[in-house]
Amino acid sequence: MKVIGITGGVGAGKSEILAYLRERTNCCVIIADKVAHELEEQGGACYDKIVALLGDGIVAEDGRIDKAKMAARIFADKEVLHQINAIIHPAVKEYILSVIAEERQKGRLDYLFIEAALLIEGGYGEIVDEMWYIHADGPSRRERLKTSRGYSDEKIAGIMREQLPEEEFYRHCSAVIDNSKTLESAYRQIDEKLGEVLCQKQ
């Protein structure tokens, strides 16, 4: 089983790429953000620690963490953001490592793909066999974010400023899938890359 990390800037079209990989390969796809949300639920590894840090005021009537209140606390104080990240990111990585170990033992998959916005910053290079960078040019990403998410130019600019510079993605990733144009073009690049991987396995 080959473990491949998928990363790229917001609006690069990673979701569509992952959907195609699900169709084309015998794989498991782990979305780090979804794992984090699950770990923040009651009974999850992060729930008690987050409530202890932010206080009972962020707990809704149903016992769940009120994400809006949590977000307000986090973005009002960068130190709180660092503390939250110190709770969530290690727990997500631990969960992902457990899935990798379990799937390696079962031996039923050809690939395990991990999608994480902070794949590089989180040190996932030590976990994956290789990393793929899903690239899209700035105008394409802005247009997608406006159309699909309704983001304003100001919000898009703010998000992009917080992300790694493009050269960092190129430095850490062994493959680049250019998703600036059509999905069909990106799919052809993926088919070529998967062909290379299959040849390496033989």
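This is a predicted model: local features need pLDDT of at least 70, side-chain atom pairs count only at pLDDT 80 or more; totals for chains, interfaces and linings use all residues.
Local features are given only where pLDDT is at least 70 and side-chain atom pairs only at pLDDT 80 or more, whereas totals for chains, interfaces and linings use all residues. Residues are numbered from 1 along each chain as its sequence is written, and side-chain values use heavy atoms, with hydrogens and water left out.

The protein chain has nine helices and five strands; helices (H or I, at least four residues) and strands (E, at least two) are DSSP runs numbered from the N terminus. Along the sequence their order is β-α-β-α-α-α-α-β-β-α-α-α-β-α. The radius of gyration, 18 Å, is close to the 17 Å that the globule rule gives for 202 residues, so the chain is as compact as a globular protein of that length. Here the radius is taken over C-alpha atoms, and the rule is 2.2 Å times the number of residues to the power 0.38. Along the principal axes, the C-alpha atoms fill a box of roughly 55 × 45 × 30 Å.

Of the 202 residues, 42% count as buried, that is, under 20% relative accessible area with a 1.4 Å probe and protein chains only. Among contacts with a separation of 6 or more, 72% join residues 24 or more positions apart; contact means heavy atoms within 4.5 Å.

Helix α5 spans residues 78-106. Helix α4 (residues 67-76) packs against α5 at an angle of about 120°, with the axes 5 Å apart. Axes are lines fitted to C-alpha atoms, for helices over the stretch in contact, and angles run from 0 to 180 degrees between N-to-C directions. The angle makes α4 oblique to α5, given that under 35 degrees counts as roughly parallel, over 145 as roughly antiparallel, 65 to 115 as roughly perpendicular and the rest as oblique. On the α4 side the contact is made by Met70, Arg73, Ile74 and Ala76, and on the α5 side by Lys78, Val80, Leu81, Ile84 and Ile88. By class, these are seven nonpolar, no polar and two charged residues; Ala, Val, Leu, Ile, Met, Phe, Trp, Tyr, Cys and Pro count as nonpolar, Asp, Glu, Lys and Arg as charged, and the others, Gly among them, as polar.

Helix α3 (residues 47-54) also meets α5: their axes come within 10 Å and cross at roughly 165°, which makes α3 roughly antiparallel to α5. Lys49, Ile50, Leu53 and Leu54 of α3 touch Val80, Gln83, Ile84, Ile87 and Ile88 of α5. This contact has seven nonpolar, one polar and one charged residues.

Another helix pair is α6 (residues 138-149) and α7 (residues 153-162), packed at about 125° with axes 10 Å apart. That angle makes α6 oblique to α7. Gly138, Arg141, Arg142, Leu145 and Lys146 in α6 meet Asp153, Ile156 and Met160 in α7. The contact divides into three nonpolar, one polar and four charged residues.

Glutamate 103 lies in α5 and is buried, with a relative accessible area of 6%. Beyond residues up to four places away in sequence, Glutamate 103 touches Met1, Arg108, Leu109 and Leu112. Arginine 108 sits in the loop between α5 and β3 (111-115). Leaving aside neighbours within four places, arginine 108 is in contact with Asn26 and Glu103. From valine 35, arginine 108 is 73 residues away in sequence and 22 Å away in space, C-alpha to C-alpha.

Note on methods
Buried means under 20% relative accessible area, exposed over 50%, partly exposed in between (1.4 Å probe, protein chains only).
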